[in-house]
Amino acid sequence: MEDIEAIVVLQDPVRRQLYEYVAAQDHDVSRNEAAEGAGIGRTLAAFHLDKLVDAGLLDTESRRLTGRSGPGAGRPAKLYRRSGAEHHVSVPARDYRTAADLLAEVADGARLDVELRAAAAREGRAVRDAAGPIEDLDTMRAVLSARGYEPRVDGAVLRLVNCPFHVLSERHPALICGMNLALLEGLVEDTEGVRVRMDPRPGMCCVAVEASKDNDN
Amino acid sequence: MAGHHLAQLNVGTLRHPLEDPRMHGFTSMLDTLNEVADRAPGFVWRLVCDGGNDATAIRTPLGAEVIVNMSVWESRESLWDYVYRSGHLDVLRRRAEWFELPKTAFQVLWWIPARHAPTVEEAVERLQLLRTHGPSPSAFGFRDMYTAADAGFDAAATTKVQTTG
């Protein structure tokens, strides 16, 4: 399926709601849960979930939720999670990814880490100036959501479920993750109540956000 | 138990002697990083010098300013998650402060039989192989990975481990 066809599948508001619900969860989602999450019936949810799978937007697998197996264990449940596949559409056609990868390869080879981090911090400050003041974790969360990080509250910490630079960060992790941290540091530079730090975990963005310890008021 | 493991060597040319205060950011993190590695899923073994907890005292024909780091892992994923998805990444992003710009490959990966402890000599040979001939099943990097089967390890054993693991 072409990227544009996959994206068109999300035009249906019910499907989009289901997709966003599944994508926002930290676990694989059953049909029942997805139906409840989107506030629709189970049969309708099943239909649209499978459309999303056909479009390559969700992945699915069958698993027994009870942990039992053999006769009497019941039918395995179908579980859904967001697909790792990326879909881009640009009209007219543009290819910034190839350019970005070539630039990153050269910057990585020349160890332009410090220069890139300085540029990223400037970008972070510009984003902050455009977004308005970031005063606390809630405003930070809204800004990060708008930039695609998909922040998720984990106790007193915001974890970023999506890396907006995913492909580049897999190919040039030291360079790109350092750039990402510097960008987010620039974003919160004047914010006393929020700090960012590197806390990489498998499958997530490398940065975690937390309330600053010296400003617990 | 898999019949093969992934060995890695990486080398770095020090910008300053290890005792230099400018290296403190690196040297002060060594014990923590090694502890994270020792506890990481899929970690098998790492090189330490006699009586030490790390390999920073070991020198090779690569030069007096070149320090080496060498370890063995169950899979590419376990090594990747340690190098790039743990506290190790924060040190890696500051590499330019402590190490010279490498002019050639500074990391090599290769498959070994399980229970084989690779020697530094063997590791340096693999690095030289990569530097001279480019990536091959005998010496490669993360971005040009070869499987254990490519390197002549029993593919049937690999399949079996993956399906039961």
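Reader: Thanks! What should I know before I start?
Author: This is a predicted model, where local features need pLDDT of at least 70, side-chain atom pairs count only at pLDDT 80 or more, and totals for chains, interfaces and linings use all residues. Residues are numbered from 1 along each chain as its sequence is written, while chains are lettered from A and ligands numbered from 1 in the order in which they are written.

Reader: How many helices and strands does chain A have?
Author: Chain A has nine helices and seven strands. Helices (H or I, at least four residues) and strands (E, at least two) are DSSP runs, numbered from the N terminus.

Reader: And what box do its C-alpha atoms fill?
Author: Along the principal axes, the C-alpha atoms of chain A fill a box of roughly 60 × 50 × 35 Å.

Reader: Which domains does the assignment give for chain A?
Author: Domain 1 covers 3–82 and domain 2 covers 96–215; such bounds come from an automatic or database domain assignment. The centres of domain 1 and domain 2 of chain A, taken over C-alpha atoms, are separated by 30 Å.

Reader: What percentage of chain A counts as buried?
Author: Of its 217 residues, 27% count as buried. A residue is buried if 20 or more other C-beta atoms lie within 10 Å of its own, exposed if 12 or fewer, and partly exposed in between, with C-beta atoms placed from the backbone.

Reader: OK, sheets next. What is the strand order in the chain A one?
Author: The order is β4-β5-β7-β6, an open sheet of four strands with antiparallel pairing. β4 (151–154) and β6 of chain A stand at the edges with a single partner strand each, so one side of each has no neighbour in the sheet. On average, neighbouring strands of this sheet are turned by 30° against each other, direction ignored. Axes here are lines fitted to C-alpha atoms, for helices over the stretch in contact, and angles run from 0 to 180 degrees between N-to-C directions.

Reader: How many bridges join β7(A) to β5 and to β6 of chain A?
Author: Three bridges join β7 (residues 207–211) to β5 (residues 157–160) of chain A, and five bridges link β7(A) with β6 (residues 194–198) of chain A. Two strands pair if DSSP finds at least two bridges between them.

Reader: Which helix lies across β6 and β7 of chain A?
Author: That is α9 (residues 173–187) of chain A, running at about 175° to β6(A). Helix α7 (residues 137–146) of chain A also packs on the sheet, touching β4, β5, β6 and β7 of chain A, and its direction makes about 5° with that of β5(A). Touching, or being in contact, means that the C-beta atoms of two residues, placed from the backbone, lie within 7 Å.

Reader: How many residues are in the largest nonpolar core?
Author: The largest nonpolar core has 32 residues, and those with the most contacts inside it include A:M140, A:M179 and A:V209. A nonpolar core is a set of buried Ala, Val, Leu, Ile, Met, Phe, Trp, Tyr and Cys residues joined through C-beta atoms within 7 Å. α9(A) gives the most to this core, with ten residues.

Reader: Is A:L187 buried or exposed?
Author: A:L187 counts as buried because it has 27 C-beta neighbours inside 10 Å. A:L187 lies in helix α9 of chain A. Leaving out residues up to four places away in sequence, A:L187 touches A:G124, A:V127, A:R128, A:I134 and A:V143. A:L187 and A:R125 are 62 residues apart in sequence, with their C-alpha atoms 5.1 Å apart in space.

Reader: Switching to chain B: what is the order of its four-strand sheet?
Author: The open sheet of chain B has the order β2-β3-β1-β4, with antiparallel pairing. Its edge strands are β2 (43–46) and β4 (107–113) of chain B.

Reader: Last one: how many residues of chain B are in contact with chain A?
Author: Twelve residues of chain B are in contact with 14 residues of chain A. α4(B) gives the most to the side of chain B that touches chain A, with three residues.
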